[in-house]
Amino acid sequence: MDLLNALVALTNFVVIPAAAYGAQLALGALGVTLIYGILRFSNFAHGDTMAFGTMATILTTWGLQAAGIGLGPLPTALLALPVGILATSALLLATDRMVYRFYRAQKAAPVILVIVSMGVMFVYNGLTRFFIGVDDRTFSDGERFIVSARDFRDWSGLDEALAIKTSQLITLVTAVVVVAALFWFLNRTRTGKSMRAFSDNEDLALLSGISPERVVTVTWLLVAALATVAGTLYGLDKSFKPFTYFQLLLPIFAAAIVGGLGSPLGAIVGGFIIAFSEVAVTYPLRKIIGYLVPESLEPGGLVQLLATEYKFAVSFVILIVVLIFRPTGLFRGKSV
Amino acid sequence: MSDAYSDRGNKDRSIANPDGQGSIIPEGGGTAKPSTDTAFLAGVDMTGGYGRGADILHDCTVSVDPGEIAVIVGPNGAGKSTAMKAIFGMLHLRKGHVSLDGQDITALSPQDRVQAGMGFVPQVKNIFTSMTVEENLEMGAFIRRDDIRGTMEQVYELFPILKDKRRQPAGELSGGQRQQVAVGRALMTKPKVLMLDEPTAGVSPIVMDELFDRIIEVSRTGIPILMVEQNARQALNIADKGYVLVQGRNAFTGTGKELLADPEVRKSFLGG
């Protein structure tokens with residue numbers, strides 16, 4: 001029995017990674033939920049939007065690194081982030097003008113827009129691979145750890161070590177800042193309120209003099225920023241591979257639906273629920289249980305509930321359970 | 001397509017927003033021209049219907065002047081709401097014209113008509129349910145760039161209950177209170193004319209009387225009010241002008257009292 005060691009191991013292997021992953025999912029789900037609320041469809045191109053934004057950020061990062069510009073202990077990518085956001089905004093606005101606006105003018109049914117977004121997804125998909133290739137890219141630099149395993153062990157004298165990566169802390173701090181800014185924008189500013197009004201009741205918003213095109217443009221800009229930040233943070237924390245970003249679509253949608261599509265708060269909560277379940281279910285708990293139970297009861301196996309290859313099944317199961325028992329999501333989104 | 005499966009994708013709420021898009025086409029609209037109509041707000045000889053469908057209105061004429069309450073009544077399917085929508089520019093007129101304050105506004109889109117001074121309260125979905133009462137009023141004043149606090153105070157004076165509930169989401173209010181929010185929202189633009197589409201639909205008789213009292217109060221501030229009503233007798237009681245529509249045509253026109261006294265109107269619409 002060693003409660004402290006168990007706690008440290010749990011924090012190190014489950015809580016911290018899941019918190020960082022949850023923040024990344026939450027930022028992604030916020031983008032999905034905004035588009036669902038305002039443009040009224042589920043945007044399947046979101047994962048690849050994240051990939052494109054991250055790619056733009058990576059290319060800028062490489063440029064900065066070649067020029068010898070950096071942020072010291074912090075990753076250079078943070079400096080390149082605004083450029084990535086600008087590039088993604090340009091891409092999304094161009095797509096809206098060329099593709100989505102046409103269907104909006106036709107008052108196309110939402111499901112048609114969903115299919116359209118799939119087409120856009122394939123185009124983005126190719127675009128990203130065309131520029132940066134399909135390989136795994138690592139672009140984080142600067143200090144790797146804030147608290148390294150050895151330092152922690154020396155300091156605490158425990159068997160178990162706790163390590164906090166710079167990218168994990170940056171993820172959490174950035175997510176808090178971005179989410180606070182987004183909520184401030186939506187709840188306090190005139191433009192933000194007009195977006196909520198538009199999402200709530202499009203006809204009445206129009207009758208109140210709110211310009212739909214302006215609301216849509218601002219939405220795409222916000223989505224570009226959220227997607228690029230989410231993608232870059234994920235890439236810093238793990239690595240960048242276009243296919244992985246495409247796969248992120250599932251946990252992101254699961255997060256948005258679990259929280260309640262159309263509800264920004266729900267997207268955040270959903271992101272953390274999905275992330276914690278995914279990490280907890282796929283992590284071998286043997287070590288942690290080993291600390292908690294007498295030696296005679298120690299489990300023989302790994303006590304890993306699901307192999308990591310199956311981690312997407314976790315999002316799926318949660319998604320199905322929520323859709324069966326609480327289809328509107330935890331925060332009463334728009335889905336029925 | 002009319003088979004059972006044609007709309008299936010749109011019913012999957014996890015990918016398609018059930019709210020769908022709005023029904024008002026935001027584009028289009030021409031400019032206003034001077035008009036010769038003498039009434040402050042008038043829809044003259046309006047003929048037209050929805051989209052490419054058959055005509056619903058036939059030479060229908062409705063008008064209202066400042067300080068007046070004009071009420072459109074008639075049996076179900078008479079085109080009452082359609083007449084209101086025609087005046088507001090939500091359907092295409094094949095014939096006739098609409099004028100407001102000496103301007104012919106027939107070519108304007110609904111949004112442009114709001115800018116021109118029309119306040120419209122739709123029958124359903126007339127508030128932002130997820131937003132607070134105060135935010136609803138703020139959104140009502142979206143086209144204004146000046147200080148809106150004065151107007152908001154006036155609305156709160158008119159509807160004191162809204163002041164108490166101003167931080168509450170409008171969707172949590174009772175039916176009568178929601179209608180007050182809806183009317184308050186429309187008043188926030190300081191409209192030249194207020195149009196109400198069945199303001200008392202679905203509220204209890206007591207609340208209905210209270211709403212009518214409030215509408216009279218709004219009218220006393222000098223704003224002309226055009227109203228479509230299902231409760232014909234009560235509405236005609238407060239009306240300076242009444243229009244009875246039957247199958248999209250003007251059947252009877254007169255002051256509220258005249259219509260209430262008219263034996264034919266009584267027999268056919270007011271239940272004797």
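This is a predicted model: local features need pLDDT of at least 70, side-chain atom pairs count only at pLDDT 80 or more; totals for chains, interfaces and linings use all residues.
1. Helix α3 (residues 77–105) and helix α4 (residues 110–132) of chain A have axes that come within 10 Å and cross at roughly 155 degrees. Angles over 145 degrees count as roughly antiparallel, and α3(A) and α4(A) are therefore roughly antiparallel to each other. Their crossing is right-handed.

2. Now look at the side of each helix that takes part. From α3(A), the contact uses A:T95, A:V99, A:Y100 and A:Y103, while α4(A) brings A:I112, A:L113, A:V116 and A:V120. Of the residues in this contact, seven are nonpolar, one is polar and none is charged.

3. Next, turn to chain B and find its open sheet of six strands. Follow the order β7-β8-β9-β4-β10-β11, and you will see that the pairing is mixed. The edges are β7 (118–121) and β11 (249–254) of chain B, each of which pairs on one side only. On average, neighbouring strands of this sheet are turned by 15 degrees against each other, direction ignored.

4. Strands β4 (residues 69–73) and β10 (residues 241–246) of chain B run parallel and are joined by four bridges. If you pick B:V71, you will find its bridge partner in β10(B), namely B:G242.

5. Helix α1 (residues 80–88) of chain B lies across β4, β7, β8, β9 and β10 of chain B, and runs at about 145 degrees to β8(B). Helix α7 (residues 205–220) of chain B lies across β4, β8 and β9 of chain B, at about 155 degrees to β9(B).

Key: Residues are numbered from 1 along each chain as its sequence is written. Chains are lettered from A and ligands numbered from 1 in the order in which they are written. Two strands pair if DSSP finds at least two bridges between them. Helices (H or I, at least four residues) and strands (E, at least two) are DSSP runs, numbered from the N terminus. Axes are lines fitted to C-alpha atoms, for helices over the stretch in contact, and angles run from 0 to 180 degrees between N-to-C directions. Two residues are in contact if their C-beta atoms, placed from the backbone, lie within 7 Å. Angles under 35 degrees count as roughly parallel, over 145 as roughly antiparallel, 65 to 115 as roughly perpendicular and the rest as oblique. A crossing is left-handed if the near helix is turned anticlockwise from the far one by less than a right angle, and right-handed if clockwise. Ala, Val, Leu, Ile, Met, Phe, Trp, Tyr, Cys and Pro count as nonpolar, Asp, Glu, Lys and Arg as charged, and the others, Gly among them, as polar.
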